[in-house]
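Open the model in a viewer and keep the sequence panel beside it. The stops below are meant to be selected one after another.

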Amino acid sequence: MALWRYLSDKMALLTIIFAVMAYMFPMLFLVFKDVFLWCFAATMFALGVVLHPEDARSALRKPKTIALGVTMQYWIMPMLGFAAASICTLQGVSPAMALGFIIVGCAPGAMASNVITYLAGGAVAFSIAMTMVATMLSPLLTPTLVELLGSAYMDIPFWPMMQTIILTVVTPLALGMLVRTRLGNNIQLAEQIAPGFASIAIIIICSYAVASNQERIADTPMTVVFLVILLNALGYVLGWSAARLFRFEHSYRITLSIEIGMQNAGLGVALALKHFEPETALPGALFAVWCIVTAAGMTRYLHKKTADVAAAV
């Protein structure tokens, strides 16, 4: 059990380590070319296993709050992704790479956001509900938004993208939730294993994306790196600002900030690798690594702030 906990707790560090290894020794990771979609499906299956029905029911008692949160997620990040893509175009970045920002922006929230929300003292039930609703809507909204915002850059395969999301997101998520009902006394064991299992899958996806772009990474424009950092930071800031505008309580502000700032870049990478040129996956791969690192830093900051407040009281 210690190994599975270590994998989930150290996902940020391990993602960075294996991304560097993938850059230095790409052939070791290119073997995952035919299985990276299955790896992403595994993360959704793991999410289905760890979802607590009682937490979801608790959050669903506030449908207006969930609706506002999901609406902000599918509005703020797609607009930021489109803005980043537009800046890329002005700076001479290839249309394929610019499209990667739009795909990241149009993805639903990340599974890791639930864990980060818990560690940061946010509203876990709200986080889970947002992840569930945004993920269930993603087969329709993600391809629609990518086609609407990205058609100027490349031809968008709407129906193949929807099919990919249904097969790799909705189906394994539902299967995981079904398996949970059959686990009986083994639920606690599964809940300990699932996050580590999902961490392995995310690490593989990001590493493969780096390996498949190994020759391009050295020539990645600094504009792209800067925009990845800015996209993540603005997601956090605007998520917090939206929650404050809607007068959410403090724990819900933390949650919405994390949910919007941490996009499911793994899905974005998977879609980019499946339906577009390899370089389209590069912004998503960079974003996946960076948002995990910043989320880990945010968790430490919020923990310290909470501890300081408690000490002052």
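**Start at a buried threonine**

Select Thr142: with a relative accessibility of 0%, where buried means under 20%, this residue counts as buried. Keep in mind while looking around that this is a predicted model. Thr142 is found in helix 8, which covers residues 124-150.

Now show what surrounds this residue. Leaving aside residues up to four places away in sequence, Thr142 touches Tyr74, Cys106, Ala107, Pro108, Ile165 and Leu271. Click on Cys106 in that list: Cys106 is buried as well, at 0% relative accessibility.

**Across to helix 5**

Next, select Pro78 and draw a distance from its C-alpha to that of Thr142. The two are 64 residues apart in sequence, and the C-alpha atoms are 9.3 Å apart in space. Pro78 sits in helix 5, residues 63-90. Is Pro78 buried or exposed? At 0% relative accessibility, Pro78 counts as buried.

Display the contacts of Pro78. Beyond residues up to four places away in sequence, they are Gln73, Gly105, Cys106, Leu145 and Leu149.

Gln73 has a relative accessible area of 0% and so is buried. Its contacts, not counting residues up to four places away in sequence, are Pro78, Pro108, Gly109, Met130, Ala134, Glu259, Ile260 and Gln263.

How many disulfides does the structure hold? The number is zero.

**The aromatic rings**

A pair of aromatic rings is described by the distance of the centres and the angle of the planes. Counted this way, with centres within 6.5 Å, there are five aromatic pairs.

Take Phe246 and Phe248 as one of them: their ring centres are 5.9 Å apart and their planes stand at 40°, so the pair is tilted. Then go from Phe248 to Tyr252, a pair that is edge-to-face, with 6.4 Å centre to centre and 80° between the planes. Ring pairs link Phe126, Phe246, Phe248 and Tyr252 into a cluster.

Phe246 is partly exposed, with 28% relative accessible area. Phe248 is buried at 8%, and Tyr252 is buried at 12%.

Now select Arg247. Arg247 belongs to the loop between helix 12 and helix 13 (250-261). With a relative accessible area of 77%, Arg247 is exposed. Check the backbone here too: Arg247 has a positive phi of about 60°, although it is not a glycine.

**A pocket to look into**

Rolling a probe the size of a water molecule over the atoms shows where empty space is left. Go to the second largest pocket, which has a volume of about 340 Å³. Its lining is made up of 15 residues, and those nearest the centre are Ala19, Ile217, Ala285, Leu286 and Val289.

Which helices supply at least two residues of this lining? They are helix 2 (11-24), helix 12 (222-245) and helix 15 (282-312). Helix 15 gives the most, with five residues. Colour the lining by residue type, and it divides into 14 nonpolar, one polar and no charged.

**Zoom out**

Finish with the whole protein chain in cartoon view. Its secondary structure comes to 15 helices and zero strands. Of the 313 residues in the chain, 55% are buried. Among contacts with a separation of 6 or more, 84% are between residues 24 or more positions apart. The pair Pro78 and Thr142, 64 residues apart in sequence, can be picked out again in this view.

Definitions and conventions. Residues numbered from 1 in each chain as written. Predicted model: local features only at pLDDT ≥ 70, side-chain atom pairs only at ≥ 80, totals over all residues. Heavy atoms only, no water. 1 Å grid on protein atoms, 1.4 Å probe; cavity = no way out; pocket = protein on both sides within 12 Å on 5 of 7 lines; lining within 4 Å. Points joined across faces, edges and corners; volume = space filled by probe spheres on them. Helix = DSSP H or I, 4+ residues; strand = E, 2+ residues; numbered from the N terminus. Nonpolar A, V, L, I, M, F, W, Y, C, P; charged D, E, K, R; others polar. Buried < 20%, exposed > 50% of the residue type's maximum accessible area, 1.4 Å probe, protein only. Contact = heavy atoms within 4.5 Å. Disulfide = S-S within 2.5 Å. Phe/Tyr/Trp six-rings, centres within 6.5 Å; stacked < 30°, edge-to-face > 60°.
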